[in-house]
Amino acid sequence: MENLYLIELKDKNELFFKIGTTVHRYCRFYELMKPGYQIKIIYMIFGIEFYEALNAENKLQSVFKPYIPLKKFGGYRECFYPFDINIYKNILNNLITSHTEIAQNIEITWH
């Protein structure tokens, strides 16, 4: 099962979104913090079938305006200028048929 996420990354110079999938709940985000970004989960859906998650990720990434971060990291080409979250959610409602749970507006910090 996959988890589809929309996160906000920011530091003193940048603020942008990243759309992606991961099999881990939160480990991926700690890796993204290494370049110095603060991370907030804007919207994350857990427990999606692999092909459904991949299809949704590709569709979403084709809709929004790409952003290239100043710092490079794995997945940096899956970043976007901030956009209206409601558009994102509406697209997801048409693409995702089942999931186990949703997380929203969660700040990720080191423990």
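Predicted model: local features only at pLDDT ≥ 70, side-chain atom pairs only at ≥ 80, totals over all residues.
Modeller: Residues are numbered from 1 along each chain as its sequence is written, and side-chain values use heavy atoms, with hydrogens and water left out.

Biologist: Which elements make up the chain, and in what order do they run from the N terminus?

Modeller: There are three helices and five strands, and from the N terminus on they follow the order β-β-α-β-α-β-α-β. Both kinds are DSSP runs, where a helix (H or I) has at least four residues and a strand (E) at least two.

Biologist: Why is the chain called as compact as a globular protein of its length?

Modeller: Its radius of gyration, taken over C-alpha atoms, is 13 Å, and the globule rule (2.2 Å times the number of residues to the power 0.38) gives 13 Å for 111 residues, so the chain is as compact as a globular protein of that length. Its C-alpha atoms fill a box of roughly 40 × 30 × 20 Å along the principal axes.

Biologist: What makes strands S1 and S2 a pair?

Modeller: Two strands pair if DSSP finds at least two bridges between them, and eight bridges join S1 (residues 2-10) to S2 (residues 15-22), which run antiparallel. Among the bridge partners in S2 are Ile 19 for Leu 6 and Thr 21 for Leu 4, and the two strands form a hairpin with four residues between them.

Biologist: How do you know which strands lie at the edges of the sheet?

Modeller: The sheet is open, with five strands in the order S4-S2-S1-S3-S5 and antiparallel pairing. Strand S4 (79-80) and strand S5 (101-108) each pair on one side only, which makes them the edge strands. S4 pairs with S2 over two bridges, and Phe 80 in S4 is the bridge partner of Phe 17.

Biologist: Why is S2 described as largely enclosed by the rest of the structure?

Modeller: Six of its eight residues are buried, so S2 is largely enclosed by the rest of the structure. Buried means under 20% relative accessible area, exposed means over 50%, and partly exposed lies in between (1.4 Å probe, protein chains only). Of the 111 residues of the chain, 44% count as buried.

Biologist: Is Tyr 5 buried or exposed, and where does Tyr 5 lie?

Modeller: Tyr 5 lies in strand S1, and its relative accessible area is 1%, under the 20% limit, so it is buried. Tyr 5 touches, among others, Ile 19, Arg 28, Tyr 43 and Tyr 88, where contact means heavy atoms within 4.5 Å. Tyr 5 and Tyr 43 are 38 residues apart in sequence, yet 5.9 Å apart in space from C-alpha to C-alpha.

Biologist: Why does Phe 50 count as partly exposed?

Modeller: The relative accessibility of Phe 50 is 41%, which lies between 20% and 50%, so Phe 50 counts as partly exposed. The place of Phe 50 is in helix H2 (residues 50-63).

Technical notes
Lists of a residue's contacts leave out its neighbours within four places in sequence.
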